[in-house]
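Hi,

Here is the structure I promised to pass on. Have a look at it first, and then read my notes below.

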Amino acid sequence: MLLSLEPRGQQSRLMLWCSPLLAAALTLGCGSLLFIALGHDPLLTLHTLLIAPVSDLYGVSELLVKALPILLCALGLAVAYQARIWNIGAEGQLLLGALAGSALAVNIIGMQSRWALVLILLTGTLAGAAWAGLTAWLRTRFNANEILTSIMLNYIALNLLLYCVHGPLKDPEGFNFPQSAMFGDASRLPLLMEDGRVHAGVYFALLALVAVWVLLQKSFVGFQIKVLGLDKRAAGFVGFREKRLIWLALLISGGLAGLAGVCEVSGPIGQLVPQVSPGYGYAAITVAFLGRLNPVGILFSSLLMALLYIGGESAQMSLNLPQAITQLFQGMMLFFLLASDVLILYRPRLNLRWTRRAQATAVHAGAL
Amino acid sequence: MPNPAPAPDPIARLQLRKITKRYPGCLANDGIDLTIAPGEIHALLGENGAGKSTLMKIIYGVTHADSGEVIWQGQRVSLRNPAQARGLGIGMVFQHFSLFETLSVAQNIALAMGAAAGTPKQLEPKIREVSRRYGMALEPERLVHSLSIGERQRVEIIRCLMQDIRLLILDEPTSVLTPQEADDLFVTLRRLAAEGCSILFISHKLGEVRALCHGATVLRGGRVAGHCVPAECSDQQLARLMVGEAAELIADYPKVIGGEAFLDVRGLSWHNPDPFGCSLSDIDLEVRCGEIVGIAGVAGNGQDELLALLSGEERLPREASATIRFAREPVAHLRPDARRQLGLAFVPAERLGHGAVPELSLADNALLTAFQQGLVSNGLIQRGKVEALAEEIIRRFGVKTPDSQTPARSLSGGNLQKFILGREILQQPALLVAAHPTWGVDVGAAATIHRALIALRDAGAAILVISEDLDELFQISDRLGALCGGRLSALSATVDTRLSDVGGWMAGQFAAPQSLATR
């Protein structure tokens, strides 16, 4: 092997900051090559993908609308992942939150009080938490692997949602389209600006961001979650309640995903439709790890993910770029970001003959 | 008595010249010279981290030196892998055995020797012959899981002796043996040496090195600190070579008689659900305030189980809660944090992964067990107080570390152990349970730890030490007992106890003399 990695023993502070920059440079470089090979102007393509979508206020508002559910789900996942509980079920928890919130909303369309919105949001959040609670129960009671159970519950949630929009929750005056009635005005999240879709859900996301940050960085419960994740025996030896912590982490995780779902239906969409989520719950898994399970990092990575979503769409429309190419570009960026993180813990080393000899003499000189 | 040194031979069996091996961040071996004559029992002495393991792995071909020469019977060789080393006649017995528990002795040996050596059935007569010749009783048909640790070690040694062996490397072979078993092993090794086989004996127990070895090479910090003839050196001299400082390393502490009982265990029996684990039966144990009770025993005789039951990691049902009591309070059903509130402090056997979380900083690891000492308010961690506690532990117990933000994993074993012990002692416990407090710790750190334990005892705490190191137990404990097969011998005052008594208890000979002890 010409190039080998050796462990640093400690995190490199410098690389902690440099690795995202390195990844960005590599992505831009390789992306340009890819676009040139396909006969596109690289600068124009990159501009369309990354800058044009956010060059006006409306674009920024769309970015926030996209980023919001991803951010909420990823924050919840970060709590579970810190405890090494691999909740893959954010998607299902989000869908169930949307479903339960809608089920309430279509029954109180006439309600004028703002309490309608509060009740709907609460219902959605609790439903998401309950769905994750199923995973927690299966894990703590039967020691069932949470990866499998949470994935399977995703499909159950999706089919439950499809059943409801085709059946009990279908709008009676909706010409048999699979969608619910539009929610009442009192049940909709208020918009934040005149000419954009960004809504009050942003405040919940900011609140959740601060709350998760305090939980993970400052609170003793967060410390217990971290110890449980890093070292189960140490947690047992000081008497941290493993089962209780698993329940807590999954309930928080599910609750935030449920909130994301109910914010979608009561915010930009305004009714329950089969396509509530284009896979936000799965994107959130990538985002959580990209943000290194740190709430602030997750904020940035969810914005980046949303940008990739929007930029991909506009590149398809204005440049006739095939969808596969924009997805390839997204994949490349994620690959480089995760790959550069290796440099935080490992140091690359060239194994040429002359370097080895040089080192040996250096050691010898040091010994003398 | 050591054998007379063999006559000098013009050609050494093995000679190492200027062996250097660098790992990331440390120079494990730095220009090491070592010569072993045919038929010589040579000791490789040194603290943990002195470079012993690296050096023997180089000799056995497991790792490769960055520079330096290996000369085998006058020929320069480059050892690429263990198979090549075995081909030359080098055998090695590792500290941790690599045997398949569900196979028989003969099957294990046949597996290790390869298809060319024959089937297990064909090997059986040879195994019998070798075991008879060297006085190591062993039945080839027996399954390995039914063997004691000492017998398993014999399997490993016989496996080496089945080939034409010229150099046998033993890595801390006595750490798993009772004193009597160790004596038996020495008889075998002397016979082997008398037949011309060289032996490289790795250890940090000075007494046995002096009894067995003709010559010794002492390593310190990756370099040769000196060569000596162990029989002509005192413990102090050898320890000084190993550690390099002339602190009072081997001290005598006055023995005391404790006050009122704090820890009281009555008729503790516990069935281990793990079929390869050890169950406890009818254990009575009392530790008084202001005394140290030491429990000896070969690993796997119920130590882990007893420790888990004392710490609260394993709990008994509420009906049996009075089986374990702290100052008359029944605790056997309580969780670890509840027991800590009643005055328990605990030092587990494994430092990383049990006593401390490797990835977390020292400050966070201080918080790990001391969270009931006012470090948390309204659910939030009081960072300032946690840092202050960590700094105090580091200062008071001389932990060598850049700062309190260093991850626990990057500390050496001895330093981390000082930190963990300091963390527990600063909580002013009424009862401290410590498992193997100085295992793998250098002599200097061990002395610090022993002094801290004695100081805690003199401050009135009840202390229970479970250890495999008999020298340590005799040095610090006021009363002694031993575990064997999940049963505990009666405790007896250290001053009235001989080493051979404890050896007998460790082998399970305590059922009858128990009545004698009470008389």
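First, a term you'll need: a crossing of two helices is left-handed if the near helix is turned anticlockwise from the far one by less than a right angle, and right-handed if clockwise. By that rule, α12(A) and α13(A) cross in a right-handed way.

Some housekeeping. This is a predicted model, where local features need pLDDT of at least 70 and side-chain atom pairs count only at pLDDT 80 or more, while totals for chains, interfaces and linings use all residues. Residues are numbered from 1 along each chain as its sequence is written, and chains are lettered from A and ligands numbered from 1 in the order in which they are written.

Back to that helix pair. Helices (H or I, at least four residues) and strands (E, at least two) are DSSP runs, numbered from the N terminus. Helix α12 of chain A covers residues 295-319. Just after α12(A), A:Asn320 has a positive phi of about 60 degrees.

α12(A) packs against α13(A) (residues 323-340) at about 150 degrees, with the axes 9 Å apart. Axes are lines fitted to C-alpha atoms, for helices over the stretch in contact, and angles run from 0 to 180 degrees between N-to-C directions. The two helices are therefore roughly antiparallel (angles over 145 degrees). On the α12(A) side, A:Leu308, A:Gly312, A:Ala315 and A:Gln316 make the contact, and they meet A:Gln323, A:Thr326, A:Gln330 and A:Met333 of α13(A). Being in contact means that the C-beta atoms, placed from the backbone, lie within 7 Å.

Chain A also has two assigned domains: domain 1 (1-40 + 321-362) and domain 2 (62-320). These bounds come from an automatic or database domain assignment. The C-alpha centres of the two domains lie 32 Å apart, and eight residues of domain 1 touch eight of domain 2.

Finally, the two chains meet: 31 residues from chain B and 21 residues from chain A take part. On the chain B side, α11(B) gives the largest share, three residues. That side has 13 nonpolar, eleven polar and seven charged residues. Here Ala, Val, Leu, Ile, Met, Phe, Trp, Tyr, Cys and Pro count as nonpolar, Asp, Glu, Lys and Arg as charged, and the others, Gly among them, as polar.

Cheers

Note on methods. The expected span of a helix is 1.5 Å times one less than its number of residues. Angles under 35 degrees count as roughly parallel, over 145 as roughly antiparallel, 65 to 115 as roughly perpendicular and the rest as oblique.
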